[in-house]
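Thank you all for coming. Please have a look at the sequence and the model before I start talking through them.

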Amino acid sequence: MLTTRQKVASLLESSGRHQKAGHILDVFLICLIMINVIAIVLESVASLAQTYRTVFLVIEVGSVAIFTLEYLARLWSCVDKIEYKQVKGSNLKKRFKYALTPLAIIDLLAIAPTILMMFFSFDLRFLRVVRLLRIFKLTRYSKAMQLLLAAFKEEASSLMAAFFIMSVVLIMASCGIYLIEHDVQPNKFGSIPDAMWWAMATLTTVGYGDVVPITPLGRFFGGVITMLSMGMVAIPTGLLASSFAEQLRKRREVFHEAVLHSLIDGHVDEEERAHLEALRVELGLSAAEANQAIKVMTNKRVHSQYCRHCGHKL
């Protein structure tokens with residue numbers, strides 16, 4: 001018999017017997033987040049903010065109330081999640097550990113501005129921008145975004161090295177163009193910090209064209225930096241792309257291993273199929289991809305039971 005806290009944890013994680021109800025709750029929260037983002041954007045229009053002030057206020061208060069209940073429910077029930085059951089210590093320690101996770105911090109940032117506004121006065125423009133951070137709550141429901149965050153985490157050291165090299169090249173480019181163009185264009189290349197704007201636009205291959213070298217040497221130097229930047233900017237992109245593909249491959253392997261485990265007795269029963277479906281949703285795999293994996297692994301299991309030479313069952 002599940003306790004109330006376990007039921008809440010199962011509902012919020014869309015697992016077990018509460019998978020369908022959890023999915024409905026997820027859809028509701030996603031729609032609420034999108035309504036919030038649209039309302040915050042429209043509220044920045046003065047005429048709309050004045051005309052529909054009551055509507056925007058109802059949306060804000062109602063959303064904050066729901067998001068607050070969701071945050072408190074997740075904080076209360078997190079101790080029954082599998083990853084926190086293995087943590088040694090009191091429930092308070094487990095909840096504190098959960099509160100420091102990225103998704104929990106995003107949930108807190110979604111409600112903090114409005115709650116703080118009750119006690120402190122803020123610039124409305126600043127408050128509006130901070131409230132827009134609620135869009136990051138969609139990360140919890142987007143498997144693609146979770147894959148991307150996992151890729152960032154996996155390649156953090158490599159990305160830091162790439163950005164360090166780009167910073168060195170940025171400083172060198174700024175110093176070089178400053179020495180070449182300073183005397184000719186003192187208003188645009190009056191200092192190295194001023195030259196960094198040109199170097200940044202050139203290294204990122206944006207090339208706004210508002211600041212350009214006019215001397216032959218400056219143009220030659222700019223061409224060299226442009227050619228160099230084509231390889232520099234591609235490094236972080238390549239790292240993320242390869243890591244994203246690796247994360248997806250790992251998730252497929254986890255699902256394949258689960259299918260193999262389910263096929264120990266030679267077939268997949270209803271309980272095992274329900275478990276595989278829950279795992280598929282958790283890993284962010286498509287239904288067609290999961291069904292194909294089950295079909296392929298089942299065929300391999302059947303073929304392995306027969307001799308390749310005589311065809312008789314082993």
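Predicted model: local features only at pLDDT ≥ 70, side-chain atom pairs only at ≥ 80, totals over all residues.

Residues are numbered from 1 along each chain as its sequence is written, and side-chain values use heavy atoms, with hydrogens and water left out.

The unreviewed UniProt entry annotates "transmembrane region" at residues 21-42, 54-77, 98-122, 159-180, 192-208 and 220-242, and such annotations may be inferred rather than shown by experiment. In the model, residues 54-77 are 100% helix, with end C-alpha atoms 34 Å apart, and residues 159-180 are likewise 100% helix, with their ends 31 Å apart; helices here are DSSP runs of H or I, at least four residues, numbered from the N terminus.

Turning to helix 9, residues 143-154, its 12 residues reach 16 Å from first C-alpha to last, close to the 16 Å expected at 1.5 Å a residue, where the expected span is 1.5 Å times one less than the number of residues. Which of its residues are buried, meaning under 20% relative accessible area with a 1.4 Å probe and protein chains only? They are Gln146, Leu147 and Ala151, and because they fall within an arc of 145 degrees seen down the axis, they line one face of the helix, the arc being that of the directions from the helix axis to the C-beta atoms. Helix 12, residues 216-262, is included in what covers them.

In the loop between helix 10 and helix 11 we find Gln185, which counts as buried because its relative accessibility is 7%. Beyond its neighbours within four places in sequence, Gln185 is in contact (heavy atoms within 4.5 Å) with Gly190, Val212, Pro213 and Ile214.

Finally, the open space: the largest pocket holds about 2,000 Å³, and of its 45 lining residues, Glu13, Lys81, Glu83, Lys143 and Glu282 lie nearest its centre. Helix 9 and helix 12 are among the elements giving two or more residues to this lining, and the largest share, 7 residues, comes from helix 13.

Note on methods: Buried < 20%, exposed > 50% of the residue type's maximum accessible area, 1.4 Å probe, protein only. 1 Å grid on protein atoms, 1.4 Å probe; cavity = no way out; pocket = protein on both sides within 12 Å on 5 of 7 lines; lining within 4 Å. Points joined across faces, edges and corners; volume = space filled by probe spheres on them.
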